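Hi,

Here is the structure I said I would pass on.

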Amino acid sequence: MSARKLHVGVPHGRRAGSPASTGPDPRGILRLAPESFGHDPASRRRAPDAGPVGYVLDRAAERLKPVLDEILELERCGLQVHVFFVDRTLPGHARWIAREVGTRRIRHLHAHLATADVARHVKRLAHVGYSFTIVGSTLHETARDTSALRDQVRDADFVIAPSEVSRDHLLSLTGPSVADHVYRIYRGVDVERLPFCAESGRAGDSVLAIGPLVQASGFDDLIDAIGILRDRRPTPVRLTIVGAGASVQKLKARILSRRLADRVDLLGSDAESGLAAPLSALMRSHSLMALPYRRLPGSCAGGVPDVLLEAMAMGLPVVSTAVDGISEVIDDGWTGRLVAPRDPQWLAGALETLLDNVRLRVRIATHARAEVERSFDQTHNASELARLLSSVAAETGSCEREVV
């Protein structure tokens with residue numbers, strides 16, 4: 001999640017400073033304010049023949065910030081993006097969007113899987129194409145109704161999967177016949193704001209872990225690994241865990257039972273990642289990042305955790321586990337280390353190898369930064385999505401639409 005500040009425009013059709021909605025209806029249509037870009041709008045990369053597109057978002061979604069960051073990047077690419085917020089407690093949201101599509105001459109709708117059904121309904125009403133992105137754990141939730149999922153994928157102009165794992169999972173549910181319009185595009189991180197630092201200023205023998213304090217994160221195994229290193233290594237290894245979640249008391253009890261209170265610090269945080277100032281400082285001061293996932297937490301299931309990419313971009317070598325999309329990011333021994341989940345002994349060995357070898361850490365950090373720049377740059381990956389959206393918007397630009 002980006003730490004960049006968002007400047008969100010007022011809903012269309014209302015003056016700045018007026019209420020965002022009329023009466024009990026909280027639905028709104030937003031445009032991101034021009035000052036969000038931080039430079040002359042005339043210098044933005046203009047997508048060829050790009051017409052207005054709409055984003056259909058669930059107002060109740062827990063992680064809207066990464067999506068708004070994505071929209072900012074699309075606007076930088078020259079697309080005009082109108083954001084429609086859907087409130088499931090209100091009736092008629094598809095018909096409402098369909099009317100706005102006609103009024104604003106929107107050529108294409110893009111949704112996330114949780115709102116793909118709304119975009120599909122609007123297609124029937126307003127004769128406008130749609131696409132959608134698989135986000136987080138929604139694929140696993142929607143998989144319970146594979147028939148509806150197949151219909152949504154079949155009727156979409158294209159579908160975006162955030163990793164090869166999630167793309168393969170989707171195709172296993174829908175069948176290979178739709179493979180030609182299911183694209184893998186990583187969300188990525190803003191590489192430009194992540195300064196690279198291989199070793200200077202990093203404290204020796206220090207390990208950092210950032211993530212939700214839940215069983216899926218595997219922090220129990222990491223605490224056990226630090227206990228193993230204490231018993232066989234003369235130099236103390238310090239661990240800092242940053243996060244919040246349901247397992248906080250369980251982790252505190254484990255730290256005490258392993259007699260590691262003098263070596264493990266458990267810090268609370270409302271953000272899983274995002275490089276708020278303290279997190280950025282921690283990434284610059286520790287020797288290693290450990291992310292021993294048992295499975296990816298729900299906030300990033302099917303995708304690639306931002307905190308992993310941020311650490312790699314900043315020169316902090318990562319030890320993680322070969323689960324879900326992690327092996328798409330880390331080439332074991334080249335851009336990081338991969339170990340089996342639920343194996344504290346293996347995890348301790350991987351940490352010890354890197355702590356004992358500065359040259360190896362620097363080499364891994366350098367290669368990891370290059371990999372993030374090549375495959376996980378937010379700006380480049382957003383331009384790929386912008387190209388797809390521009391293409392389908394241009395194709396439907398001359399289509400007649402009628403709200404029924």
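Below is what turned up, going from the sheet to the salt bridges and then to the aromatic pairs. Keep in mind that this is a predicted model.

At the strand 13 end, the pairing with strand 12 (residues 318-321) is parallel and runs over three bridges.

Next, the charged side chains. There are 25 salt bridges in the structure, and I'll pick out a few.

Arg120 and Asp155 meet through their side chains in a salt bridge, at 2.6 Å from N to O. Arg120 sits in helix 3 (residues 116-126) and Asp155 in helix 5 (residues 146-155), so this pair ties together parts that are 35 residues apart in sequence. Arg120 has a relative accessibility of 19%, so it counts as buried, the cut-off being under 20%.

Asp220 and Arg254 make another salt bridge, with their closest N and O atoms 3.5 Å apart. Here helix 7 (residues 219-232) supplies Asp220 and helix 8 (residues 248-257) supplies Arg254, so the parts tied together are 34 residues apart in sequence. Asp220 is buried, at 8% relative accessible area, whereas Arg254 is partly exposed at 22%.

The side chains of Arg104 and Glu100 also form a salt bridge, 2.7 Å from N to O. Of these two, Arg104 is partly exposed with a relative accessible area of 22%, while Glu100 counts as buried at 17% relative accessibility.

There is a network to look at as well: salt bridges link Asp205, Arg232, Arg233, Glu352 and Asp356.

Finally, the aromatics. How many aromatic pairs does a search of the whole structure find? It finds three, and here are two of them. Phe84 and Trp96 have ring centres 5.9 Å apart and planes at 80 degrees, so this pair is edge-to-face. Phe84 belongs to strand 3 (residues 81-86) and Trp96 to helix 2 (residues 93-103), so the pair ties together parts that are twelve residues apart in sequence. Phe84 and Trp96 are both buried.

Tyr186 and Phe376 form a tilted pair, with 4.5 Å from centre to centre and 45 degrees between the planes. Both partners come from loops: Tyr186 from the one between strand 7 (182-184) and strand 8, and Phe376 from the one between helix 13 (358-375) and helix 14 (378-395), so the parts tied together are 190 residues apart in sequence. Tyr186 counts as buried at 7% relative accessibility, and Phe376 counts as buried at 0%.

That's the tour from my side.

Cheers

Terms used
Residues numbered from 1 in each chain as written. Predicted model: local features only at pLDDT ≥ 70, side-chain atom pairs only at ≥ 80, totals over all residues. Heavy atoms only, no water. Pairing = 2+ DSSP bridges. Helix = DSSP H or I, 4+ residues; strand = E, 2+ residues; numbered from the N terminus. Salt bridge = Lys/Arg side-chain N within 4 Å of Asp/Glu carboxyl O. Buried < 20%, exposed > 50% of the residue type's maximum accessible area, 1.4 Å probe, protein only. Phe/Tyr/Trp six-rings, centres within 6.5 Å; stacked < 30°, edge-to-face > 60°.
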